[in-house]
Amino acid sequence: MSQGGLIGVDVEQERVEEKDPELLAENKEQEFVGRTPWRLAWLRLRKDKVAMVSLGFIVFLVLVAIFAPLLTALIGHGPNAQYTTKGLSLSGIPVGPGQNGFILGTDDQGRDVLSRIIYGSQISLEVGIGATALALAVGTLIGLVAGYYGGWIDSILGRFMDILLSFPILLFAIAIVARFGPSLELLIIVIAMFSWPYIGRLVRGQVIGLREREFVEAARALGASDLRIMVFDIAPNLIALAVIYATLLIPVNIVLEATLSFLGLGIQPPTASWGNMIAEAQTGDLYTVAWWFLVFPCIALVLTTLAFNLFGDGLRDALDPRRGRGHLGTVQKVKRAARAFAFPSEVIRAARSSVFRSERERETP
Amino acid sequence: MIRLVARRLVYLVLVLIVITFLTYVVFFVGNPNDLAARFAGRDAGPAQIRDAAVRLGLNHGFWYQYWHYLVGLLHGSFGLDFQNQVPINSEIARAFPVTASLVVGSVVIWLLIGIPIGIMSATHPRTLRDRAGTTFALTFLSMPTFVLGVLFLLVFYYYLTRAGLSWFPAAGYVGITTSPGQWFLHLILPWLTLALVQAAIYTRLIRGSLLDVLGEDYIRTARAKGLSRRTVIYKHGVRAALTPVVTQLGIDVGTLLAGAFVTERVFGLPGLGQLALNAIGAADLPVVAAVVVLAASFIVIMNTIVDIVYALLDPRVRLA
């Protein structure tokens, strides 16, 4: 029904495409058959070295998190086991990287740093992806309703999102965790609660443009209900946008989890999370002579954030070629990606500027 | 213009009410006996708990209590804390200068770093200097504040001191009135921690903004009438390019304050963030609530000021 760009994935055509690459290369005509927008995006993405390396790292990280028990079993050290004889020297100094079978060394309690980082990746991904998924669901739903119906519904929902956006996220997270006590579920809910308006704003903006388009009018003329139009005609056009901003929101949420855990408001020790590993290391003095159990969790966190940001940025270019950047060299790509990094990240900035824009729109009579 | 300002002010009041309301709901709604027991302390008997409930006004309805809280706030009072039953205002008054020193100092540093590097990148695009600026931005942009903080402390304090170069003092805070020199020394690392992440963002922001401005026709006109390159860039270019930066500065206050709280934790500075986090440890809810309300209000007020300044600077918003 909908004519919008990214759906209309024709299964039949996709099969043709997947038949045989050599045959396709020989028969040029067939190359034009069945290139769905998703497939085109994938082809563009594949050329982007930075994004592909980042994707590789993300896949690796996900596998590590999934097979954490297996990996730690292979290493032979549980994440919370304290190796007081093998893992600490006689004077209680942690064992360095590569010594006594501890690949990344041990921490001040004689625990294996690598095993803890592996288990910490589970927490980071669970919270990062879980909170983002929740935010995506709520944000898309509310943005869709606000943008589609407009009028007073939009005013109320829009104002509500504005107010949430002007809240200091970290402070309120502190407040809520302080009242209800820290837990993984609460952490996910709190982070999602403050990140959905970013998605909501963006979706709303898109829907306002889409609802006036001919294919929506056509659907309405055919007698489709509002619900049907929203779900089957408008929503599919939002997928690309949602995927891009979800990818850029994940690292923001991962950092937020780590920050809350660092402040003692997130994951509680002895359960390993990168944030509380850094916090625990910093409470003692031993890290000054045994840098590894402070520095390795930091590296894990920074690399993960970096990978998601670079991948999200590449994804945006691949899915939204109209931004017209054409072919960029690797150096330029890395450079441009710099914009997407910051802790509030470009997601927040984009949402902010859309707040301003809507503000200006509203002022217009 | 007046309409716009009035509208923003009404909105400001609305947001402030929502903030206090949500804070109040999060912190004080729930089992009143529980709250009273916390207020009365650990060894309190039932009579004392009842007494505490009356003192806290818990025997009244919810709206009455919220109204009471709001009136207290409007009179500039955050109430008593649970631990020592002293006015929270005095605790905040003690912590505020620390957070203020941290925030103001780091804003100065980040602008001092961000603006020159941004201008350099924009005036020499695609050169080695631009690339160096980008590398700088990339390095610090991907670091969460606390990671940068702990690494700074490790390298610049512990490693340097062990190497015999005790340039930086240990974590902690010395009041500016006690010893301005020590105050400065103790704050250098926290300032840099907070400033570098933001400076990196501003480098990119200024670079982009200045590149846009330098592409404008009036810049070419200025060059054509024979002004020196320096005059064109600094007098005509940078001045126009800084407008979006100023707006961004106001918007970033929220991030900055959150970052300041994290930095305080890393460097053991007894500011508002530490106050709140310690209060959480002691389950001292009114103190946490006070800090949250204070910081949130500050951010919202700054955002409103930015909106109004934005309208003043950009006639398109004002005239629309």
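Helices (H or I, at least four residues) and strands (E, at least two) are DSSP runs, numbered from the N terminus. I start my notebook with that, as helices come up throughout.

**Ground rules**

I am looking at a predicted model, where local features need pLDDT of at least 70, side-chain atom pairs count only at pLDDT 80 or more, and totals for chains, interfaces and linings use all residues. Residues are numbered from 1 along each chain as its sequence is written, chains are lettered from A and ligands numbered from 1 in the order in which they are written, and side-chain values use heavy atoms, with hydrogens and water left out.

**Entry 1: a patch on chain A**

I looked up helix H5 (residues 49-66) of chain A, which gives the most to a nonpolar patch, with four residues. The patch is made up of A:Val59, A:Val62, A:Leu63, A:Ile66, A:Phe67 and A:Leu70, and together they have about 530 Å² of accessible area. For a nonpolar patch, I need side chains of Val, Leu, Ile, Met, Phe, Trp or Tyr joined within 5 Å, each residue having over 30% relative accessible area and no salt bridge. Areas come from the Shrake-Rupley method with a 1.4 Å probe, and for residues only the protein chains shown count as cover.

Is A:Ile66 buried or exposed? I use these cut-offs: buried is under 20% relative accessible area, exposed is over 50%, and partly exposed is in between (1.4 Å probe, protein chains only). A:Ile66 has 54% relative accessibility, so I note it as exposed.

**Entry 2: salt bridges**

I learned that side chains of opposite charge can pair when their charged atoms come close. A salt bridge here is a side-chain nitrogen of Lys or Arg within 4 Å of a carboxyl oxygen of Asp or Glu.

I began with A:Asp107 and A:Arg111, whose closest N and O atoms are 3.0 Å apart in their salt bridge. A:Asp107 is buried at a relative accessible area of 6%, and A:Arg111 is buried at 2%. A:Arg111 also forms a salt bridge with A:Glu280, with 3.2 Å between the closest N and O atoms. This pair links distant parts of the chain, 169 residues apart: A:Glu280 is in helix H13 of chain A, and A:Arg111 is in the loop between helix H6 (68-75) and helix H7 (113-149).

Next I checked A:Arg211 and A:Glu212, which meet in a salt bridge at 3.0 Å, N to O. A:Arg211 is partly exposed at 22%, whereas A:Glu212 is exposed at 53%. I also found that salt bridges with shared partners join A:Asp107, A:Arg111, A:Arg116 and A:Glu280 into one network.

**Entry 3: over to chain B**

I counted 14 helices and zero strands in chain B. Buried residues are 51% of its 320 residues.

Why is helix H12 (residues 272-281) of chain B largely enclosed by the rest of the structure? Eight of its 10 residues are buried, so that answers it. Among the buried ones I listed B:Leu272, B:Gly273 and B:Gln274.

Those three also turn up around B:Glu264, whose contacts (heavy atoms within 4.5 Å) beyond four places in sequence include B:Leu272, B:Gly273 and B:Gln274. B:Glu264 sits in helix H11 (residues 253-267). B:Glu264 is buried yet has no salt bridge, and B:Arg265, the nearest side chain of opposite charge, is 9.0 Å away.

How values were computed. Patch = residues over 30% accessible without salt bridge, like charges linked within 9 Å, V, L, I, M, F, W, Y side chains within 5 Å. Lys, Arg positive; Asp, Glu negative; His and termini not counted.
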